[in-house]
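Below are my notes on the model you sent. They are set out as numbered points, to be read beside the sequence and the coordinates.

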Amino acid sequence: MTHNTPLSPRPLRHLSDVHRRVLTTAQLRSHGVPATEIAEQCRPGGPWRQLLPGVVLLPPGPPTSEERLHGALLFSAREPAPGVPAQPTPHSPHRPVYTDAVITGLAALTLHGFSGTPSLLSLDHVDVLVPRMRRLRSTSYVRVLRTPALPAPEQVTGLPVAPVPRALADAVADLTEAEAVRRLLTEAVRGGHCEPAAVVRELTQAKLLSRPHVVDAVESLVAEGRAIAEDRLYRMVHEYGLPAPVWNVDLRLPGGPHLGGFDAYWPEQAVAVELDTRAPRQGHRKDDDALWSEYARKREHLERLGITVVYLTPKKLHSAMEQQAAVVRTALMAAGDRDPAAYVVVLPR
């Protein structure tokens, strides 16, 4: 056998097509290919090539985007035992398990279906998250990012991919232009990939909100998220046959103090709806507790006046609109069983 003769490892029927094309040297040896043959086949001009340290691409020619991604995971993943390849699972018999390796950053966003990110083949590098204690260095097109705790991955085209908020945070960490950051964050929310609060939470955890261009983009993100949430609230009222409220109002006692602003109000039933579109803050837990106490005092004050307050979150409006409509309908129906509410002045906000 010469170095130009393609070598076919012994049975690989249990592997998917891409895993017959990209294998680790340990996997090749476990299928009967000695180390000397692997080295011979990977010589310049040979039918195979070393894609990454310990990872071999069997087909000739440059790797496809799929092969690059699987190669990155094979390089980064922890083997279950020395020299033993990861085995398929009962639920996914053709998909090896990638342990302690998750694709993140721009590659992950592209896999999630973002249109504003580069194509997989045009990316200079693929970011892979691994546990902080792993002794692994970035090499070639693979950039290793260490993290104290791996996020629970989502399976996208058979690959473990970071959830959108975490992938966004890892991508934004590299971006220096406010417009580029704004485009990604806007697409995340407008495209329905995630809620603004989840994005801001990840950016806060990554300590990125100290960068002015990120803060500017987040302000646009929160505004975008509120507009989308308001649109969902309008749709909920109309699609589920709720009575028409007055929209975007301030409530005041006659000649008295301001009671609060609300997104929708039903004067006859004295029911107010407020969208909770607050983003997580950078402050301490006690700051959060103080704000929640303020919300609770506001609600209790209004309820003493006979006004029922319903708080809705954008996430619940997106994932459980029918349920939220039932909550509002119940509050409206219960109005007849309550004492009449105090007279309040309703002003446009």
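1. Overall make-up. The model is a predicted one. The protein chain contains 12 helices and 13 strands. It has 349 residues, and 46% of them count as buried. Among contacts in the chain with a separation of 6 or more, 62% are between residues 24 or more positions apart.

2. Five strands make up an open sheet with mixed pairing, and their order is 12-11-10-9-13. The edges are taken by strand 12 (308-312) and strand 13 (345-348); each has a single partner strand, so one side of each has no neighbour in the sheet. On average, neighbouring strands of this sheet are turned by 45° against each other, direction ignored.

3. Strands 11 and 12. Strand 11 (residues 271-275) and strand 12 run parallel and are joined by 5 bridges. Within this pair, Leu-275 is found opposite Leu-312 of strand 12. Helix 12 (residues 321-333) packs on the sheet and touches strand 10 (258-266), strand 11 and strand 12. The direction of helix 12 makes about 175° with that of strand 12.

4. Helix 8. Which residues of helix 8 are buried? In this helix, residues 196-205, they are Pro-196, Val-199, Val-200 and Leu-203. Viewed down the helix axis, the buried residues of helix 8 fall within an arc of 95°, so they line one face of the helix. Their cover includes helix 6 (164-172), helix 7 (178-190) and helix 9 (212-239). Just after helix 8, Lys-207 adopts a positive phi of about 60°.

5. Ser-140. The phi of Ser-140 is near 50°, a positive value in a residue other than glycine. Ser-140 sits in the loop between strand 5 (126-131) and strand 6 (142-147). Is Ser-140 buried or exposed? Its relative accessibility is 60%, and the cut-off for exposed is over 50%, so Ser-140 counts as exposed.

6. Asn-248. A positive phi of about 50° is also found at Asn-248, which is not a glycine. Asn-248 belongs to strand 9 (residues 246-252), one of the strands of the open sheet described above. With a relative accessible area of 23%, Asn-248 is partly exposed.

7. Cavities. How many cavities of 30 Å³ or more does the structure hold? There are 2 of them. The second largest cavity has a volume of about 40 Å³. Its lining consists of Val-189, Cys-194, Glu-195, Pro-196, Gly-225, Ile-228, Ala-229, Arg-232 and Pro-314. Helix 9 contributes the most to this lining, with 4 residues. One of the lining residues, Pro-196, is also among the buried residues of helix 8.

8. The second largest pocket. This pocket has a volume of about 360 Å³. It is lined by 17 residues; those nearest its centre are Pro-151, Arg-166, Ala-169, Glu-202 and Gln-205. Helix 6 and helix 8 each provide at least two residues of the pocket lining. Helix 6 is also part of what covers the buried residues of helix 8.

Definitions and conventions:
Residues are numbered from 1 along each chain as its sequence is written. This is a predicted model: local features need pLDDT of at least 70, side-chain atom pairs count only at pLDDT 80 or more; totals for chains, interfaces and linings use all residues. Side-chain values use heavy atoms; hydrogens and water are left out. Buried means under 20% relative accessible area, exposed over 50%, partly exposed in between (1.4 Å probe, protein chains only). The arc is that of the directions from the helix axis to the C-beta atoms. Contact means heavy atoms within 4.5 Å. Two strands pair if DSSP finds at least two bridges between them. Axes are lines fitted to C-alpha atoms, for helices over the stretch in contact, and angles run from 0 to 180 degrees between N-to-C directions. On a 1 Å grid over the protein atoms alone, a cavity is a set of points where a 1.4 Å probe fits but cannot get out, and a pocket is an open set with protein on both sides within 12 Å along at least five of seven lines; lining residues have an atom within 4 Å of a point. Grid points are joined across faces, edges and corners, and a volume is the space filled by probe spheres set on the points.
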